[in-house]
Amino acid sequence: MFHDRKASYKTPPATVRDAHTSQEQRRNKALEEQKRRRAQRVDATRQLDFFADMNLGPSDDEVDEDGALDGPEVLRSGVASFTSMLPSDSTVLTANDAGAVTKEHTFSSESAISPLQASNVQTTGKKRGKNKRKAKARHSNTAAGSGSNKARITKPSRWADKCMYAELLEMVEGFDQATLGHDGIPEDIETSWVAVTPVPVGKRCLAVTHQAAGIAGVVPNTTLRSRVLGKPLMKPFPSPLPPQTVLDCILDENWKDTGILHVLDVLQWKGQDVGECETPFRFWWRDTRLSELPSFPPPPSASEPQAEQQQPPYQFPYPATFVPIPYHTNTTLLYLANTLIPLTRASRYVPVSTPIPSRASVVAGTMDLGGAGAVSPLIQLHAASAEVKSDGLLLYVAQATYEPGTSPLSSWVPLRAYSQDTRYAGADTGEMVSADAGMVDSPLDLFERLIRRRLAAGHADGFDVTMDVGS
């Protein structure tokens with residue numbers, strides 16, 4: 001049972017959907033909802049409601065057929081010239097029952113209390129604050145004592161389920177040329193999508209940085225949060241990332257040996273919200289900003305030094321290399337079949353540097369020569385290429401913005417079929433076929449066959465297409 005859970009932990013959760021609603025329809029609906037919310041935010045920023053009743057000239061109802069105004073002319077100048085006629089802030093004119101006009105003293109809008117009350121607040125503000133805190137503490141202690149037999153309620157983390165999690169691409173192979181559009185491949189895949197491949201094998205997480213006082217790269221300022229619960233995966237560690245930055249990342253499965261943290265997407269950078277931007281701009285921003293980060297030497301090894309003959313290999317105590325996952329804006333059928341799909345099947349090699357401890361450092365570690373006047377020996381760096389295994393192919397809608405939770409605006413094509421992986425066998429029935437039954441091969445193989453069938457159909461319609469079947 002544990003093996004089945006570990007093999008299928010990356011399978012996207014099942015969403016409540018209508019059996020007669022295709023993934024394409026849900027994708028279009030989600031994209032329209034994003035556009036509507038974006039338009040509302042823009043209108044709210046412009047504050048158009050304040051200018052809804054403004055008019056720069058006479059309306060059509062006020063002008064007759066000869067062009068003359070029907071009725072008295074309305075003064076359409078600004079109201080700034082009438083501000084001197086208003087009473088001051090300290091007095092306001094009121095009329096009593098007899099019709100006489102009197103003056104009443106008022107207070108400014110910044111303070112809604114009298115000066116006497118303000119002095120009382122200043123003298124008793126601290127005491128009231130202390131009393132409130134004490135009352136709140138007593139209330140919490142009483143509630144904890146009375147509800148000791150009840151289940152403990154924990155507040156969810158603010159980083160829980162913040163990653164944009166892709167849905168499995170629903171593909172159907174049983175179709176003919178008349179129903180070519182029902183194979184599950186998006187109709188606008190060549191013009192309106194962005195491909196991310198090869199997606200590395202690892203654990204999905206969020207890299208969150210906070211403001212830390214000290215030298216960048218030395219003071220711990222970065223925390224990795226889990227995708228579902230938002231819990232920290234390890235202790236805070238130093239990184240060259242700027243403060244108030246949130247990145248969508250994949251922690252490499254061999255990060256202790258390579259020190260690699262793969263950056264998939266960017267939500268926030270230096271307090272600037274980048275998630276509201278479209279997909280190609282986010283990926284461009286990610287690559288540009290990561291290339292500008294300074295490089296620091298590898299941290300001390302996480303493995304403890306042992307005897308001279310049993311020196312353990314170097315291990316990273318935390319991720320030290322931030323590597324962006326390649327993205328491709330060219331998603332034509334020919335480029336998908338001959339370039340992107342072969343890239344997804346192959347491993348990727350990333351250059352890394354690991355320190356080589358000298359013999360003097362080994363002897364110093366075994367003989368405890370690290371006195372007050374001791375000088376640490378120089379550490380040589382070893383340049384190597386770390387193999388990063390591929391896990392599949394990600395497809396993003398180009399016009400979509402980043403949104404938390406499982407979204408149909410991002411589709412996932414895994415390289416290997418999971419033990420609990422299922423797919424739709426029919427577009428109308430919603431019948432499920434299990435991968436354990438041996439009837440379903442790799443989803444990437446199915447994706448390639450559907451792409452090549454579309455290429456063949458386009459070639460039969462008169463398009464000049466060159467197909468490299470052996471790739």
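Glu-33, Arg-36, Arg-37 and Glu-403 are joined in a network of salt bridges. The model is predicted. In total, 18 salt bridges occur in the structure.

Several pairs were examined individually. Arg-345 and Asp-445 form a salt bridge through their side chains, with N and O 2.5 Å apart. Arg-345 belongs to helix H6 (residues 333-345) and Asp-445 to helix H8 (residues 443-460), so this pair ties together parts that lie 100 residues apart in sequence. Both partners are partly exposed: the relative accessible area is 34% for Arg-345 and 26% for Asp-445.

A salt bridge also links the side chains of Asp-287 and Arg-286, at 2.9 Å from N to O. Arg-286 is buried, because its relative accessibility is 2% and the limit for burial is under 20%. Asp-287, at 27%, counts as partly exposed. In the salt bridge between Glu-292 and Arg-289, the closest N and O atoms are 3.4 Å apart. Glu-292 has a relative accessibility of 52%. This residue therefore counts as exposed, the cut-off being over 50%.

The nonpolar interior was considered next. In soluble globular proteins, nonpolar side chains tend to be buried together. The largest nonpolar core in this model comprises 46 residues. Ile-185, Ile-189, Val-196, Leu-394 and Phe-447 have the most contacts inside this core. Helix H8 is the element that gives the most to the core, with six residues. Residues 443-460 make up H8.

Phe-447 touches residues from several parts of the sequence. Leaving aside residues up to four places away in sequence, its contacts are Leu-169, Met-171, Ile-185, Ile-189, Leu-336, Ile-341, Leu-393, Leu-395 and Val-413. Two of these, Ile-185 and Ile-189, are themselves listed with Phe-447 among the residues with the most contacts inside the core. Another core lies apart from the largest one and has 20 residues. Its members include Ala-207, Met-234, Leu-293 and Tyr-318.

Totals for the chain complete the description. The protein chain has eight helices and 17 strands. It has 471 residues, of which 33% count as buried. Among contacts with a separation of 6 or more, 67% are between residues 24 or more positions apart.

Note on methods
Residues are numbered from 1 along each chain as its sequence is written. This is a predicted model: local features need pLDDT of at least 70, side-chain atom pairs count only at pLDDT 80 or more; totals for chains, interfaces and linings use all residues. Side-chain values use heavy atoms; hydrogens and water are left out. A salt bridge is a side-chain nitrogen of Lys or Arg within 4 Å of a carboxyl oxygen of Asp or Glu. Buried means under 20% relative accessible area, exposed over 50%, partly exposed in between (1.4 Å probe, protein chains only). Helices (H or I, at least four residues) and strands (E, at least two) are DSSP runs, numbered from the N terminus. A nonpolar core is a set of buried Ala, Val, Leu, Ile, Met, Phe, Trp, Tyr and Cys residues joined through side-chain atoms within 4.5 Å. Contact means heavy atoms within 4.5 Å.
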